[in-house]
Amino acid sequence: MQFGKKILETVGRFSEDEIALFETKLTKKVFSKNDLLLVEGNCCNYVYYVISGAAYQFSYNDIDENIIGLYSEGDWCFSYYSFVNRKPSNTAIKAFSDMEVLELTGNSIHELIGLYPAFFKLGKILEQTITRIQYFDNGSTAFEKHNHLFLSRPDLFQNFPLKMIASYLKIAPETLSRIRGKK
(Lines give C-alpha, C1' and ligand atoms only; values in the text may rest on other atoms or scores of the structure.)
Protein backbone atom coordinates (compact mmCIF):
# COMPACT_ATOMS: atom_id res chain seq x y z
CA MET A 1 0.00 0.00 0.00
CA GLN A 2 2.98 2.31 0.69
CA PHE A 3 0.85 4.95 2.44
CA GLY A 4 1.28 3.40 5.88
CA LYS A 5 4.99 4.19 5.98
CA LYS A 6 4.42 7.72 4.69
CA ILE A 7 1.75 8.36 7.34
CA LEU A 8 3.74 6.93 10.23
CA GLU A 9 6.94 8.78 9.28
CA THR A 10 5.17 12.04 10.12
CA VAL A 11 5.03 11.07 13.83
CA GLY A 12 8.11 9.00 14.52
CA ARG A 13 10.11 5.90 13.83
CA PHE A 14 8.38 2.57 13.39
CA SER A 15 9.77 -0.87 12.64
CA GLU A 16 8.96 -2.66 9.39
CA ASP A 17 6.70 -5.04 11.38
CA GLU A 18 4.79 -2.12 12.89
CA ILE A 19 4.36 -0.49 9.48
CA ALA A 20 3.17 -3.77 7.95
CA LEU A 21 0.65 -4.25 10.77
CA PHE A 22 -0.58 -0.66 10.41
CA GLU A 23 -1.14 -1.17 6.69
CA THR A 24 -3.30 -4.24 7.38
CA LYS A 25 -5.64 -2.00 9.39
CA LEU A 26 -6.12 0.55 6.58
CA THR A 27 -9.01 0.17 4.14
CA LYS A 28 -9.06 2.11 0.88
CA LYS A 29 -12.42 3.83 0.26
CA VAL A 30 -13.78 6.02 -2.52
CA PHE A 31 -16.35 8.77 -2.02
CA SER A 32 -18.11 10.75 -4.72
CA LYS A 33 -18.66 14.50 -4.56
CA ASN A 34 -21.35 15.33 -1.94
CA ASP A 35 -21.19 11.90 -0.26
CA LEU A 36 -21.32 12.13 3.52
CA LEU A 37 -18.34 10.64 5.33
CA LEU A 38 -20.07 11.41 8.63
CA VAL A 39 -23.73 12.17 9.25
CA GLU A 40 -24.52 14.68 11.98
CA GLY A 41 -25.92 12.81 14.99
CA ASN A 42 -23.95 9.62 14.27
CA CYS A 43 -20.93 8.61 16.30
CA CYS A 44 -17.65 9.04 14.43
CA ASN A 45 -16.15 5.54 14.29
CA TYR A 46 -13.57 6.16 11.57
CA VAL A 47 -10.69 8.44 10.77
CA TYR A 48 -9.88 9.02 7.11
CA TYR A 49 -6.51 9.84 5.60
CA VAL A 50 -7.11 11.80 2.39
CA ILE A 51 -5.16 10.35 -0.54
CA SER A 52 -6.82 12.57 -3.14
CA GLY A 53 -9.75 14.96 -3.30
CA ALA A 54 -11.17 17.23 -0.62
CA ALA A 55 -13.80 17.24 2.13
CA TYR A 56 -15.21 19.67 4.63
CA GLN A 57 -16.69 19.47 8.11
CA PHE A 58 -19.65 21.64 8.97
CA SER A 59 -22.60 22.26 11.23
CA TYR A 60 -25.83 23.94 10.25
CA ASN A 61 -26.66 27.41 11.54
CA ASP A 62 -30.23 28.08 10.44
CA ILE A 63 -29.92 27.56 6.66
CA ASP A 64 -26.17 27.84 6.01
CA GLU A 65 -23.34 25.40 6.48
CA ASN A 66 -20.90 26.70 9.09
CA ILE A 67 -17.52 25.33 7.95
CA ILE A 68 -15.45 23.91 10.79
CA GLY A 69 -12.77 21.99 8.91
CA LEU A 70 -11.28 21.82 5.42
CA TYR A 71 -9.39 18.71 4.40
CA SER A 72 -7.28 17.92 1.35
CA GLU A 73 -4.56 15.51 0.33
CA GLY A 74 -2.44 14.36 3.28
CA ASP A 75 -4.96 15.39 5.97
CA TRP A 76 -6.74 13.26 8.54
CA CYS A 77 -10.47 13.86 8.36
CA PHE A 78 -12.85 13.06 11.26
CA SER A 79 -14.88 14.57 14.09
CA TYR A 80 -12.37 14.74 16.93
CA TYR A 81 -14.87 15.22 19.79
CA SER A 82 -17.18 12.44 18.62
CA PHE A 83 -14.34 10.02 17.85
CA VAL A 84 -12.48 10.50 21.13
CA ASN A 85 -15.53 10.69 23.42
CA ARG A 86 -17.67 8.09 21.61
CA LYS A 87 -20.57 10.58 21.45
CA PRO A 88 -22.86 11.55 18.57
CA SER A 89 -21.29 14.17 16.33
CA ASN A 90 -22.77 17.66 16.18
CA THR A 91 -21.10 18.10 12.78
CA ALA A 92 -21.16 16.38 9.40
CA ILE A 93 -18.34 15.71 6.95
CA LYS A 94 -19.02 15.88 3.22
CA ALA A 95 -16.88 15.13 0.18
CA PHE A 96 -16.31 18.41 -1.67
CA SER A 97 -14.95 16.50 -4.66
CA ASP A 98 -14.48 12.87 -5.59
CA MET A 99 -12.15 11.42 -2.98
CA GLU A 100 -9.93 8.48 -2.30
CA VAL A 101 -9.17 7.87 1.38
CA LEU A 102 -7.68 5.34 3.74
CA GLU A 103 -10.06 4.42 6.55
CA LEU A 104 -8.91 3.43 10.02
CA THR A 105 -11.39 2.33 12.69
CA GLY A 106 -11.25 3.31 16.33
CA ASN A 107 -11.08 -0.38 17.25
CA SER A 108 -8.05 -0.79 14.99
CA ILE A 109 -6.28 2.10 16.69
CA HIS A 110 -6.89 0.54 20.12
CA GLU A 111 -5.71 -2.84 18.84
CA LEU A 112 -2.53 -1.30 17.40
CA ILE A 113 -1.76 0.47 20.69
CA GLY A 114 -2.39 -2.77 22.59
CA LEU A 115 0.11 -4.65 20.43
CA TYR A 116 2.78 -1.95 20.11
CA PRO A 117 2.94 1.04 22.50
CA ALA A 118 4.72 2.97 19.71
CA PHE A 119 1.27 3.50 18.19
CA PHE A 120 0.44 5.95 20.99
CA LYS A 121 2.20 8.38 18.64
CA LEU A 122 -0.88 8.24 16.40
CA GLY A 123 -2.45 10.59 18.92
CA LYS A 124 -0.16 13.34 17.58
CA ILE A 125 -1.69 12.96 14.12
CA LEU A 126 -5.21 13.04 15.46
CA GLU A 127 -4.57 16.04 17.74
CA GLN A 128 -3.28 18.10 14.80
CA THR A 129 -6.82 18.17 13.43
CA ILE A 130 -8.36 19.72 16.56
CA THR A 131 -5.46 22.16 16.98
CA ARG A 132 -5.96 23.44 13.43
CA ILE A 133 -9.70 23.87 13.99
CA GLN A 134 -9.24 25.71 17.32
CA TYR A 135 -6.74 28.20 15.87
CA PHE A 136 -9.44 30.21 14.14
CA ASP A 137 -11.43 30.65 17.35
CA ASN A 138 -8.59 32.36 19.22
CA GLY A 139 -9.49 36.01 18.68
CA SER A 140 -7.05 36.69 15.84
CA THR A 141 -7.90 39.42 13.38
CA ALA A 142 -9.30 38.53 9.96
CA PHE A 143 -5.97 39.53 8.39
CA GLU A 144 -4.00 37.31 10.81
CA LYS A 145 -6.32 34.35 10.21
CA HIS A 146 -6.00 34.72 6.45
CA ASN A 147 -2.22 35.03 6.53
CA HIS A 148 -1.83 32.06 8.86
CA LEU A 149 -3.98 29.87 6.62
CA PHE A 150 -2.43 31.15 3.40
CA LEU A 151 1.11 30.50 4.63
CA SER A 152 0.41 27.18 6.35
CA ARG A 153 -2.14 25.69 3.94
CA PRO A 154 -2.01 27.33 0.49
CA ASP A 155 -3.50 24.12 -0.95
CA LEU A 156 -6.86 24.98 0.63
CA PHE A 157 -7.08 28.14 -1.48
CA GLN A 158 -6.67 25.94 -4.57
CA ASN A 159 -9.20 23.30 -3.48
CA PHE A 160 -12.06 25.36 -2.02
CA PRO A 161 -14.02 28.46 -3.05
CA LEU A 162 -13.39 31.67 -1.09
CA LYS A 163 -16.90 31.58 0.41
CA MET A 164 -16.05 28.29 2.16
CA ILE A 165 -12.65 29.56 3.27
CA ALA A 166 -14.29 32.69 4.71
CA SER A 167 -16.73 30.53 6.68
CA TYR A 168 -13.83 28.40 7.95
CA LEU A 169 -11.94 31.54 9.03
CA LYS A 170 -15.12 32.89 10.68
CA ILE A 171 -15.08 36.06 8.61
CA ALA A 172 -17.45 37.55 6.03
CA PRO A 173 -16.72 36.70 2.38
CA GLU A 174 -16.48 40.45 1.64
CA THR A 175 -13.79 40.81 4.30
CA LEU A 176 -11.81 37.97 2.78
CA SER A 177 -12.12 39.54 -0.67
CA ARG A 178 -10.81 42.88 0.67
CA ILE A 179 -7.85 41.17 2.36
CA ARG A 180 -7.00 39.22 -0.79
CA GLY A 181 -7.37 42.37 -2.90
CA LYS A 182 -4.63 44.09 -0.88
CA LYS A 183 -2.07 41.37 -1.63
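**Chatting through the fold and Ser167**

User: Hi! How much of the protein counts as buried?
Analyst: Hi! This is a predicted model, and 45% of its 183 residues count as buried.

User: Thanks. How many helices and strands are there?
Analyst: The protein has nine helices, along with eight strands.

User: And why does the radius of gyration agree with a compact globule?
Analyst: A compact globule of 183 residues would have a radius of gyration near 16 Å, and the protein comes out at 17 Å, so the two agree.

User: What box do the C-alpha atoms fill?
Analyst: Along the principal axes, they fill roughly 50 × 35 × 30 Å.

User: What share of the contacts with a separation of 6 or more comes from residues 24 or more positions apart?
Analyst: Those pairs account for 71% of such contacts.

User: Switching to the surface: what is the accessible area, and what part belongs to carbon and sulfur?
Analyst: The accessible surface is about 9,700 Å², and carbon and sulfur atoms hold 51% of that.

User: What about charges, how many positive and negative side chains?
Analyst: There are 21 positive and 21 negative side chains, with the centres of the two sets 5 Å apart.

User: Now, Ser167. Where does it lie?
Analyst: Ser167 sits in helix α8, which covers residues 162-169.

User: Buried or exposed?
Analyst: Ser167 counts as buried, because its relative accessibility is 18% and the cut-off for buried is under 20%.

User: Which residues is Ser167 in contact with, leaving aside neighbours within four places in sequence?
Analyst: Ser167 is in contact with Glu65, Asn66 and Ile67.

Methods:
Residues numbered from 1 in each chain as written. Predicted model: local features only at pLDDT ≥ 70, side-chain atom pairs only at ≥ 80, totals over all residues. Heavy atoms only, no water. Helix = DSSP H or I, 4+ residues; strand = E, 2+ residues; numbered from the N terminus. Rg over C-alpha atoms; globule rule 2.2 N^0.38 Å. Buried < 20%, exposed > 50% of the residue type's maximum accessible area, 1.4 Å probe, protein only. Contact = heavy atoms within 4.5 Å. Areas by Shrake-Rupley, 256 points an atom, 1.4 Å probe, with all protein chains shown as cover. Lys, Arg positive; Asp, Glu negative; His and termini not counted. Charge placed at Lys NZ, Arg CZ, Asp CG, Glu CD.
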